Amino acid sequence: MTGSATSKRFLQIAPALAIIGFFMLAPLGLMAYVSILEKGLNGGVVWDLHTSEAYVNFIFERDLDDSLILNTDYLQIFARSFGLSLLTAALALAIGFPTALYMSMQPEGRRNLLIFLVTIPFWTNLLVRNYAWILLLRNGGLVENLLHWLGIAADQPLGLLYTPYAVSIGLTYSYLPFMVLPIYASLEKLDSRLIEAAFDLGADRRRALLRVILPLAAPGIAAGCVLVFVPALGAYVTPELLGGGKSMMIGNLIQSQFGAARNWPFGAALAFALLTIVLLAMMVYLIRFRRAPAGGH
Amino acid sequence: MRVDVTNPLWRFRGIRATTWVFFAYLYLPILVLIALSFNENRLATIWSGFSTQWYGVVLDNDDIVRAAGNSLIVASVSTLAATLAATLAALGMAKGRFRGADGISGLIALPLVVPEIVTAVATLLFFILIGFKLGLLTVIVAHTVFCIPFAYLPIRARLEGMDKALGEAAADLYANDWQAFQRVTLPLLWPGILSGGMLAFIISLDDFVITYFVAGAGATTLPVYIFGMIRIGITPEVNAISSLMLIVSILFVTLSFLIGRMRR
Amino acid sequence: MGDRVGTPAIEARSLSKVFGAGADAVRALDDVSLTIRQNEFFTLLGPSGCGKTTLLRLIGGFEQPSQGDVFLEGQQLTGLPPFKRPINTVFQSYALFPHLTVGQNIAFGLEMLGRPKEKRTARVEQMLALVKLQGYANRKPAQLSGGQQQRVALARALASQPKVLLLDEPLSALDLKLRKEMQIELKRLQTETGITFVFVTHDQEEALTMSDRIAVMDSGKILQIGSPTEIYEHPQRRFVADFIGETNFLEGRITEANGAAVAQLACGHNLTLNGPGQKGSGGGQRVTLAVRPERAEIVPPQGEGLPATVGAVVYMGTDTTYHLTLADGTPFTVRSQNHEGARLDLASGAAVKIRIAPAAIQRLAD
């Protein structure tokens with residue numbers, strides 16, 4: 001390639017890189033830096049005072065005499081966030097895998113329609129979709145009426161909303177398409193002759209599923225789990241709308257540091273910790289599955 | 001997988017039923033919300049008759065109209081900026097592989113990887129600490145950043161599916177670089193650009209978390225306004241404006257999908 | 001149903017298979033009946049789309065027939081899924097499980113049958129020895145060459161000692177040299193294991209080399225079943241004669257002369273039909289005769305035979321092919337071996353005669 005072509009290419013790519021570099025990469029770096037600064041008295045930060053106080057805050061709080069006392073409030077929020085995100089991934093997998101399997105076995109025209117239907121909710125407003133669940137779950141809402149009508153629950157307000165259950169239903173609902181699409185992609189590539197070979201060698205449908213389909217769809221399943229787990233862990237809207245005060249997650253804790261709590265370094269430290277966990281999860285996935293042999297031909 | 005669905009051999013028990021559950025789970029809440037938005041009753045749970053009055057109320061609300069105006073300004077400007085940057089980047093990346101290409105692809109995809117709440121915090125801190133006043137402009141900048149990958153991916157896909165010989169054929173027929181781009185590449189790329197731009201537009205229109213952090217006073221967008229309304233309580237107005245947002249998004253994405261498939 | 005030895009390994013009764021419905025319906029198999037004997041190397045031969053793979057998949061249980069039944073040693077199989085049939089398949093693409101090792105692939109069927117671990121391990125070793133791949137148990141299929149993958153697929157399908165082994169064009173992905181080796185290898189495996197092999201191919205040479213019997217198929221029907229010699233020497237249908245080897249076709253009408261059937265050919269000359277492959281009567285009936293190029297002989301114009309003009313002469317090493325034209329323009333090819341003194345020095349345009357021994361003439365049914 002000639003020099004002028006190279007510089008032309010560089011000029012073409014430069015604007016996008018500059019925008020993302022300047023307004024995304026640099027802010028992330030700044031955020032990491034803020035997390036080791038002293039917090040200002042009334043919000044803000046003290047620029048030249050470096051401290052690990054924000055990270056110490058994860059586990060300890062300062063007593064009046066400046067000694068450290070164990071404080072598990074934040075740890076609980078982290079644990080809840082992890083628990084709810086894992087539950088979300090598990091629920092999404094339980095519904096998403098059979099759906100992806102069904103979709104992958106449809107004729108081409110119907111397949112494309114189903115994929116389109118799976119992707120539509122992604123492009124709609126997350127806030128609005130979670131709001132719909134308030135209508136469904138609140139006392140006197142549709143779900144409650146349905147449960148009463150079916151005779152599953154006693155005829156009284158159930159208090160479904162503002163519980164961790166509501167949050168996990170909402171999170172699963174929000175990120176379900178992210179589970180289906182990668183699993184579908186790996187099943188779609190799978191050579192049906194491999195399943196026929198399993199049948200041929202005496203495996204019934206259940207064993208063909210366990211011994212051949214699931215192992216060969218593993219990269220897609222792992223991708224789906226990462227894609228659901230990661231945004232669930234950083235969720236803000238769902239716990240805010242459906243969770244109430246007792247179901248706070250990391251996202252809400254971070255937000256509160258920039259609102260009422262006015263502790264920017266702590267907020268930045270929490271966000272940085274979240275980012276680190278997310279990037280680690282991605283890396284583990286990439287190392288484990290990206291170079292594994294793909295199924296079929 | 002290529003199988004004959006009518007062959008009983010491929011009937012895995014329960015997957016069809018689960019698929020029904022899946023789509024019901026995905027779509028029933030949306031449908032319930034839209035249905036309730038046409039409820040005449042002030043109390044959102046009691047159905048007392050069909051009415052479009054709440055849409056009228058919503059469209060008469062000056063705050064909502066102003067917020068919608070802000071949303072449109074933000075979405076239009078950031079879509080234009082992001083689509084332009086994304087188109088250029090896609091064209092630059094399409095000219096064969098080079099060292100560092102993976103890194104650049106990764107950087108362009110970065111906004112998709114980082115959790116929204118982290119981006120929101122980082123961007124907020126950045127604007128405040130460099131002394132940038134929060135307002136419509138900060139929202140536009142933040143939106144442009146995360147719109148770039150959404151615009152970039154469909155354009156890139158379109159370019160990848162394009163026959164490289166077309167450009168060479170144009171050059172062979174005495175077109176210079178600019179003429180070849182204008183007369184051959186651009187017309188063929190147009191559906192990709194349009195589709196990418198529309199996706200960026202919806203993403204910007206729908207964004208809440210990042211906007212919520214970086215919007216200063218007077219820069220309230222529609223989702224931020226709706227959030228405030230939901231905080232106060234469930235009202236038929238919220239149902240109506242929420243349904244409107246859903247319908248607009250679904251129409252847009254369907255249109256974008258159809259354009260993306262054009263002349264494929 | 002008599003004794004087991006006399007029972008056919010596979011019997012198909014009026015099998016039909018229609019894919020799709022309505023206007024798009026495709027009849028892949030049309031009322032096919034067939035019997036495959038125990039311990040036989042049976043080949044389904046035909047061009048792509050002739051229904052041979054569909055027939056194989058109906059026997060394997062991967063598809064269910066639209067009409068008709070399949071029997072295995074007298075037992076009806078219709079409706080049984082493949083995992084309930086003691087029949088195994090070697091797939092065209094081998095379909096080796098990429099996530100399992102060679103050993104795990106071979107042991108898969110035994111595991112499904114619930115055989116204990118020690119027995120499986122022993123059997124895997126035995127099968128690896130059978131296909132000459134000792135020491136490969138821990139490799140992944142992707143680490144093997146095409147020929148080795150082929151052997152693993154065979155070992156996997158044979159490990160659980162199926163009653164019938166189905167092979168769906170298993171050699172088509174191999175290069176010529178390897179294919180020849182595997183043809184011999186397959187024949188050896190079949191003899192050693194004593195298992196009935198049903199082999200699908202579109203390669204007539206492959207079919208002729210390996211099979212005990214061949215069924216030639218076209219458009220969803222079986223046109224002829226017979227030993228390789230029968231199929232080659234006495235094709236009954238024009239398609240069979242044309243598909244297997246090279247053939248000259250002569251059109252004519254039947255007349256009687258001196259008590260023997262005589263064919264009046266379109267070129268104006270007569271051929272007497274009294275060989276073994278020429279049964280069928282009917283004076284005045286239209287008839288097609290088939291003559292293999294190597295069974296005809298070129299003689300000087302003064303001799304007995306059909307007059308012809310020499311076109312191109314193509315030297316092919318072991319033999320020479322003469323492209324001739326009969327009086328009415330019908331092309332006719334003669335091939336003769338190049339042993340010393342046998343080569344005729346013929347120029348293009350020379351007049352010659354073609355002598356055809358009565359036994360070399362095959363009367364076709366269509």
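Reader: How do you know what share of the contacts in chain A with a separation of 6 or more comes from residues 24 or more positions apart?

Author: A contact means two C-beta atoms, placed from the backbone, within 7 Å. Counted that way, residues 24 or more positions apart make up 69% of the chain A contacts with a separation of 6 or more. One caution: this is a predicted model, where local features need pLDDT of at least 70 and side-chain atom pairs count only at pLDDT 80 or more, while totals for chains, interfaces and linings use all residues. Residues are numbered from 1 along each chain as its sequence is written, and chains are lettered from A and ligands numbered from 1 in the order in which they are written.

Reader: What makes a residue of chain A buried, and what percentage of the chain is buried?

Author: A buried residue has 20 or more other C-beta atoms within 10 Å of its own, again placed from the backbone (exposed is 12 or fewer, partly exposed is in between). Of the 297 residues in chain A, 50% are buried.

Reader: Why is the largest set of 263 residues called a nonpolar core?

Author: Because a nonpolar core is a set of buried Ala, Val, Leu, Ile, Met, Phe, Trp, Tyr and Cys residues joined through C-beta atoms within 7 Å. The largest such core has 263 residues, and A:Ala271, B:Val121, B:Ile148 and C:Val198 touch the most other members. Its largest share, 15 residues, is from helix H9 (residues 205-233) of chain A. As for C:Val198, its contacts beyond four places in sequence include C:Ile10, C:Phe42 and C:Leu167.

Reader: How do you know where the domains of chain A lie?

Author: The bounds come from an automatic or database domain assignment. That gives domain 1 (3-37 + 48-70) and domain 2 (73-289). Their C-alpha centres are 28 Å apart, and the contact takes 11 residues from domain 1 and 9 residues from domain 2.

Note on methods:
Helices (H or I, at least four residues) and strands (E, at least two) are DSSP runs, numbered from the N terminus.
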